[in-house]
Amino acid sequence: MGTVLPPQEFGDQSVPVDDQVAEKLVGHTVAEVERALIIRTLCVAEWNRTRAATTLGISLRCLRNKIHQFKEQGIAIPAASRSRPEFADAASCRWMPSRG
(Lines give C-alpha, C1' and ligand atoms only; values in the text may rest on other atoms or scores of the structure.)
Protein backbone atom coordinates (compact mmCIF):
# COMPACT_ATOMS: atom_id res chain seq x y z
CA MET A 1 0.00 0.00 0.00
CA GLY A 2 1.13 3.57 -0.60
CA THR A 3 1.98 6.35 1.79
CA VAL A 4 -0.89 7.08 4.15
CA LEU A 5 -1.45 10.72 5.03
CA PRO A 6 -3.19 11.89 8.21
CA PRO A 7 -6.98 11.41 8.12
CA GLN A 8 -9.04 14.29 6.80
CA GLU A 9 -12.37 15.16 8.39
CA PHE A 10 -15.33 14.49 6.10
CA GLY A 11 -18.64 15.06 7.78
CA ASP A 12 -18.93 12.58 10.62
CA GLN A 13 -16.23 10.31 9.24
CA SER A 14 -12.46 10.41 9.23
CA VAL A 15 -11.14 9.30 5.84
CA PRO A 16 -7.46 8.47 5.28
CA VAL A 17 -5.97 9.77 2.04
CA ASP A 18 -3.47 7.43 0.45
CA ASP A 19 -1.79 6.65 -2.84
CA GLN A 20 -4.68 4.38 -3.87
CA VAL A 21 -7.02 7.37 -3.88
CA ALA A 22 -4.56 9.41 -5.93
CA GLU A 23 -4.09 6.48 -8.32
CA LYS A 24 -7.81 6.47 -9.13
CA LEU A 25 -7.62 10.16 -10.01
CA VAL A 26 -4.75 9.82 -12.46
CA GLY A 27 -5.98 10.45 -15.99
CA HIS A 28 -8.59 13.01 -14.93
CA THR A 29 -8.12 16.75 -15.11
CA VAL A 30 -8.13 18.82 -11.93
CA ALA A 31 -11.40 20.38 -13.15
CA GLU A 32 -13.03 16.93 -13.45
CA VAL A 33 -11.86 15.87 -10.00
CA GLU A 34 -12.97 19.19 -8.48
CA ARG A 35 -16.40 18.88 -10.11
CA ALA A 36 -16.81 15.29 -8.90
CA LEU A 37 -15.75 16.22 -5.35
CA ILE A 38 -18.12 19.19 -5.22
CA ILE A 39 -21.07 17.22 -6.59
CA ARG A 40 -20.42 14.26 -4.26
CA THR A 41 -20.13 16.61 -1.27
CA LEU A 42 -23.34 18.40 -2.23
CA CYS A 43 -25.11 15.06 -2.50
CA VAL A 44 -23.91 13.95 0.94
CA ALA A 45 -24.93 17.35 2.34
CA GLU A 46 -28.40 16.83 0.82
CA TRP A 47 -27.71 19.70 -1.58
CA ASN A 48 -27.27 22.17 1.30
CA ARG A 49 -24.76 24.68 -0.07
CA THR A 50 -23.67 26.05 3.32
CA ARG A 51 -22.94 22.59 4.72
CA ALA A 52 -21.14 21.52 1.52
CA ALA A 53 -18.99 24.67 1.46
CA THR A 54 -18.01 24.11 5.09
CA THR A 55 -17.11 20.47 4.42
CA LEU A 56 -15.07 21.45 1.37
CA GLY A 57 -13.32 24.26 3.24
CA ILE A 58 -14.34 26.90 0.70
CA SER A 59 -16.53 29.97 0.92
CA LEU A 60 -20.20 29.79 0.07
CA ARG A 61 -19.56 32.36 -2.67
CA CYS A 62 -16.86 30.14 -4.20
CA LEU A 63 -19.22 27.15 -4.13
CA ARG A 64 -22.01 29.16 -5.74
CA ASN A 65 -19.62 30.32 -8.47
CA LYS A 66 -18.59 26.70 -9.15
CA ILE A 67 -22.24 25.61 -9.30
CA HIS A 68 -22.92 28.43 -11.77
CA GLN A 69 -20.02 27.19 -13.94
CA PHE A 70 -21.40 23.64 -13.82
CA LYS A 71 -24.82 24.87 -14.92
CA GLU A 72 -23.20 26.71 -17.84
CA GLN A 73 -21.59 23.37 -18.80
CA GLY A 74 -25.03 21.73 -18.80
CA ILE A 75 -24.67 19.91 -15.46
CA ALA A 76 -27.90 20.08 -13.47
CA ILE A 77 -27.50 20.85 -9.77
CA PRO A 78 -30.77 20.59 -7.82
CA ALA A 79 -31.96 23.01 -5.19
CA ALA A 80 -31.39 21.94 -1.59
CA SER A 81 -35.05 21.01 -1.16
CA ARG A 82 -35.02 18.45 -4.00
CA SER A 83 -34.38 14.78 -3.41
CA ARG A 84 -31.31 13.02 -4.76
CA PRO A 85 -33.04 10.88 -7.43
CA GLU A 86 -33.99 14.05 -9.32
CA PHE A 87 -30.31 14.51 -10.19
CA ALA A 88 -29.54 11.74 -12.66
CA ASP A 89 -25.73 11.97 -12.50
CA ALA A 90 -25.58 11.71 -8.72
CA ALA A 91 -28.61 9.54 -7.94
CA SER A 92 -26.24 7.16 -6.21
CA CYS A 93 -23.98 9.97 -4.89
CA ARG A 94 -21.18 8.43 -6.94
CA TRP A 95 -20.90 10.83 -9.86
CA MET A 96 -17.49 10.71 -11.48
CA PRO A 97 -16.19 12.13 -14.75
CA SER A 98 -16.12 9.75 -17.68
CA ARG A 99 -12.75 8.77 -19.04
CA GLY A 100 -11.85 9.49 -22.58
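1. Just after helix 4, G74 adopts a positive phi of about 90°. Helices here (H or I, at least four residues) are DSSP runs, numbered from the N terminus. The model is predicted, so local features need pLDDT of at least 70, side-chain atom pairs count only at pLDDT 80 or more, and totals for chains, interfaces and linings use all residues. Residues are numbered from 1 along each chain as its sequence is written, and side-chain values use heavy atoms, with hydrogens and water left out.

2. Helix 4 covers residues 60–72, and its end C-alpha atoms lie 18 Å apart. This agrees with the 18 Å that its 13 residues should span at 1.5 Å a residue, the expected span being 1.5 Å times one less than the number of residues.

3. Which residues of helix 4 are buried? They are L63, K66, I67 and F70, where buried means under 20% relative accessible area, exposed over 50%, and partly exposed in between (1.4 Å probe, protein chains only). Seen down the helix axis, these buried residues fall within an arc of 100°, so they line one face of helix 4; the arc is that of the directions from the helix axis to the C-beta atoms. The face turned away from the buried side carries the exposed residues R61, R64 and E72.

4. The cover over the buried residues of helix 4 includes helix 2 (30–44) and helix 3 (49–56). Contact is taken as heavy atoms within 4.5 Å.

5. I67, located in helix 4, counts as buried because its relative accessibility is 5%. Leaving aside residues up to four places away in sequence, I67 touches L42, R49 and I77. R49 is 18 residues from I67 along the chain, and their C-alpha atoms are separated by 9.6 Å.

6. The largest nonpolar core has 13 residues, and those with the most contacts inside it are I39, L42, W47, L63, F70 and I77. Helix 2, helix 3 and helix 4 each supply at least two residues of this core, and helix 2 gives the most, with four. Such a core is a set of buried Ala, Val, Leu, Ile, Met, Phe, Trp, Tyr and Cys residues joined through side-chain atoms within 4.5 Å.

7. On confidence, the protein averages a pLDDT of 76, and 63% of the residues score at least 70. Residues 1–7 have pLDDT below 50, and this stretch has 13 contacts in the model beyond near neighbours in sequence. Over residues 84–91 pLDDT stays under 50, with 18 contacts beyond four places in sequence. pLDDT is the predictor's confidence in each residue, from 0 to 100.
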